[in-house]
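Hi there,

Here is the structure I promised to pass on. Have a look at it first, and then read on for what turned up.

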Amino acid sequence: MTSSPHPLDHLVLPTVNIALARERLGKLGFTVAADARHPFGTENACVFFSDKTYLEPLGVASREQYEASAEEGNVFVARDQAYRFRIGEEGFSAIVFGTDDAVADDERFRVATISAGRMLDFVRPMRMPDGPEVTAGFRLAFAADLRSPDFFTFCCQRINPLPADRNALERHANGVTGIARVAVSTLKPAAFRGFFEQVASGPKISEHSFGVTLETANARIEVLTPEGMEAFYDLPLPGDDPGLRARAILFKTRDLSVTSTHLAANGVTYTRKNNRILAKPAPGQGALFAFEEIA
C-alpha cells in the first residue's frame, strides 16, 4: 500500500440515452459538457466540478460497436452490458479512482485476486466550451469482487491531461462545487473492507454501526447497510442483496438555499433530512442526489 490513498476521480451512471440525462441533469442545476464518443460504442456527456471530480452519464451510441467490443474483452463495455441486463438502463454502476500509475494498480489487483480483466488504453476527442477540440487519453485498471456482480471500480490514469482551465464547465447554477461522499449499500459492509482498501490504495477506514467509511484523498466512500442508507439518505432498500450496489452521491454546495431555489424553479421534487436536500433517483439521474452546504 502507498501512504497516500487514491483520490475519487469520477462516477459512472448508465442511462438509456444521453439526451435524457442531459435534460435531467440540467433541471438539477448542473452544467453538462458536450457529448463525446468512445471508440468502443459508448458515449457520455460529463458534469465536471471544481474539485476535479466528475459525473459520467454513459449511453450506448452504437449497439453494433458496443456488442463487438464486449465480445473482444473490453471490460468497461462488458461490465456496462451486464449491469444493463441485470439492473436496467438507468443506474450507478462504478466508482472510479484517479491514479498516476494504472499499470501498478493492475498488478496490485492481480496479486489481490480482484482484477476484473485486462487493462484498457484509449483516446477520444473532447470539445471545450470555447470551441477547440482536444484529444484525451486514458489508461484504466479494473477491479471487482465476484460477490458483487452489479458493481465494479477502476483506476483511471490520464495519459495526456485535459486542459486545466475548465472554469465554464465547472460552474453550476445549483452552487455545487464537488463530491463529498459516495454511498454504496450491502448487507455486510465489513466483508468488503479489504476490497476497497486495495482499490483505493490504503485509505483511512473507520467502522461504525451502519457500516464502513473510507477516507480517500478528496472524498469519503460510505459502505452502508440498508439501515444506514435509510438513516443517512432516507432511501429504503430491500434487505435481500448481500452484494455491493452504488446508491447515492452527496454533493458539496456553497449555499443550500441557492440549490433549493433552483430545484423548485425547475419542478424537481426533493425532501430534506439531516441538513441535506435529497432528490430521489429519476430517469437520466441514476442515483439519489444529496446536497449539503460544505465550505
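The sulfur of Cys46 lies 10 Å from the closest cysteine sulfur, in Cys156, which is too far for a bond; a disulfide here is a pair of cysteine sulfur atoms within 2.5 Å. Cys155 is in no disulfide either, as its nearest cysteine sulfur, that of Cys156, is 8.9 Å away. In total, the structure holds zero disulfides. Cys46 is buried, at 2% relative accessible area, and Cys155 is buried at 0% (buried means under 20% relative accessible area, exposed over 50% and partly exposed in between, with a 1.4 Å probe and protein chains only).

Please keep in mind that this is a predicted model, where local features need pLDDT of at least 70, side-chain atom pairs count only at pLDDT 80 or more, and totals for chains, interfaces and linings use all residues. Residues are numbered from 1 along each chain as its sequence is written, and side-chain values use heavy atoms, leaving out hydrogens and water.

Now to helix 1, residues 18–27 (helices are DSSP runs of H or I with at least four residues, strands are E runs of at least two, and both are numbered from the N terminus). Its buried residues are Ile18, Ala21, Arg24 and Leu25. Seen down the helix axis, they fall within an arc of 130°, so they line one face of helix 1; the arc is taken from the directions from the helix axis to the C-beta atoms. These buried residues pack against strand 3 (42–44), strand 4 (47–48), strand 5 (54–60) and strand 17 (288–293), where contact means heavy atoms within 4.5 Å. Just after helix 1, Gly29 has a positive phi of about 100°.

Best wishes
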